[in-house]
Amino acid sequence: MRENDRVTSATRQPGTPSAAVRPRLIATDLDGTLLRDDKSVSPRTVAALAAAEEAGIEVFFVTGRPARWMDVVSEHVHGHGLAICGNGAAVVDLHGGPGAHRFVKVRELARANALDAVRLLRATAPGTVFAVEQTYGFHQEPDYPKLHMEIPDNLLPAERLLAPDGPDADQPVLKILAYHPDLDPDAFLTLARLAIGGRANVTRSSPSALLELSGPDVSKASTLALCCAERGISHEEVVAFGDMPNDVEMLTWAGQSYAMGNAHPDVIAAASGRTVANNEDGVAVVIEQLLAESI
């Protein structure tokens with residue numbers, strides 16, 4: 001892929017062989033990948049997704065977003081209309097439309113693990129503040145910044161939010177958000193992974209020092225693997241797209257994977273190929289190429 005120059009087609013990294021297996025499923029991240037920076041889905045991308053479904057290739061949206069933030073793509077679902085949300089913590093049926101999404105599968109973060117992670121991060125990175133994402137609720141600490149355009153259901157310390165008798169205690173915890181106002185994002189990620197160990201899966205998708213903590217075995221890749229197994233689809237038959245560290249496992253697992261032109265260095269290293277940036281419709285570029293090759 002040429003840098004500082006216009007790229008008009010997807011290119012594979014040197015030494016990566018052309019795929020011999022016909023793809024049966026496309027798994028794409030949203031922010032920074034399928035969506036443009038203004039959070040729109042371009043007409044070219046809409047057409048490419050429809051063409052893939054018409055050709056018999058399933059399309060899965062695989063995102064760190066919660067289900068309630070899926071309105072950006074709800075009108076673009078075809079076929080099955082399923083999405084993997086919360087970095088693998090939930091599989092959601094989008095057919096109901098905005099505000100009527102149905103949870104098909106939930107892979108929660110145990111409250112004991114979440115409390116351990118909070119305790120360890122408070123000790124290792126003083127100044128960290130937390131928010132709690134549940135199936136139908138969002139709660140945060142009083143000092144957690146207004147990073148999300150929504151009003152939290154509760155403002156309480158994380159220990160209280162995660163207590164057995166805390167708010168919405170009957171709802172599964174999907175992930176914990178941990179924000180630090182001063183640390184470098186990648187340094188914070190490394191620090192948190194070392195501190196938390198196997199108690200939770202720690203990743204990030206934000207350009208700021210905002211970490212996302214899920215169940216120990218929960219990731220985009222592991223939930224996508226479960227969904228594919230249910231459909232008799234092997235990893236070799238999956239084409240994946242992403243741009244941030246929370247996409248790395250998925251890109252490594254898929255038979256073909258593409259880092260966006262705007263991707264984090266770890267994503268570029270993990271993917272088997274590269275495409276142009278999200279604002280240049282990099283996902284659509286590859287889909288068009290794949291469909292042309294299958295004719």
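Analyst: Strand E5 is covered on both faces: Ala-90 and Val-92 point to one side, Val-91 and Asp-93 to the other, and all four are buried. Buried means under 20% relative accessible area, exposed over 50%, and partly exposed in between, with a 1.4 Å probe and protein chains only. Strands (E, at least two residues) and helices (H or I, at least four) are DSSP runs numbered from the N terminus. In a regular strand the side chains alternate between the two faces of the sheet.

The model is a predicted one, in which local features need pLDDT of at least 70 and side-chain atom pairs count only at pLDDT 80 or more, while totals for chains, interfaces and linings use all residues. Residues are numbered from 1 along each chain as its sequence is written, and side-chain values use heavy atoms, with hydrogens and water left out.

Strand E5 has partners on which its position can be described. Two strands pair if DSSP finds at least two bridges between them. E4 and E5 run antiparallel and are joined by four bridges; in this pairing Asp-93 of E5 is the bridge partner of Leu-82. The two strands form a hairpin with four residues between them, and Gly-86 in the turn has a positive phi of about 60°. E5 is also joined to E6 by four bridges, again in antiparallel fashion, and here Val-92 stands opposite Phe-103 in E6.

Two aromatic pairs are found in a search of the whole structure. Rings of Phe, Tyr and Trp (its six-membered ring) pair if their centres lie within 6.5 Å; planes under 30 degrees apart count as stacked, over 60 as edge-to-face and the rest as tilted. Phe-103 and Tyr-136 form an edge-to-face pair, with 5.2 Å from centre to centre and 80° between the planes. Because Phe-103 lies in strand E6 (residues 102-106) and Tyr-136 in the loop between strand E7 (129-134) and strand E8 (138-140), this pair ties together parts that are 33 residues apart in sequence. Phe-103 is buried, at a relative accessible area of 19%, whereas Tyr-136 is exposed, at 59%.

The other pair is stacked, because the rings of Phe-241 and Tyr-258 have centres 5.6 Å apart and planes at 20°. Phe-241 lies in strand E13 (residues 238-242) and Tyr-258 in strand E14 (residues 256-259), so parts 17 residues apart in sequence are tied together.

A nonpolar core is a set of buried Ala, Val, Leu, Ile, Met, Phe, Trp, Tyr and Cys residues joined through side-chain atoms within 4.5 Å. The largest such core has 32 residues, and those touching the most other members are Ile-26, Phe-61, Met-70, Val-92, Phe-241 and Ile-287. Elements that give two or more residues to this core include strand E4 (82-85), strand E5 (90-93), E13 and helix H10 (282-294). H10 supplies the largest share, six residues. In soluble globular proteins, nonpolar side chains tend to be buried together.

Contact means heavy atoms within 4.5 Å. Apart from neighbours within four places in sequence, Phe-241 has contacts that include Ile-26, Met-250, Leu-251, Tyr-258, Val-283 and Val-286. A second, separate core of 23 residues has Val-132, Ala-178, Leu-189 and Ala-209 among its members.
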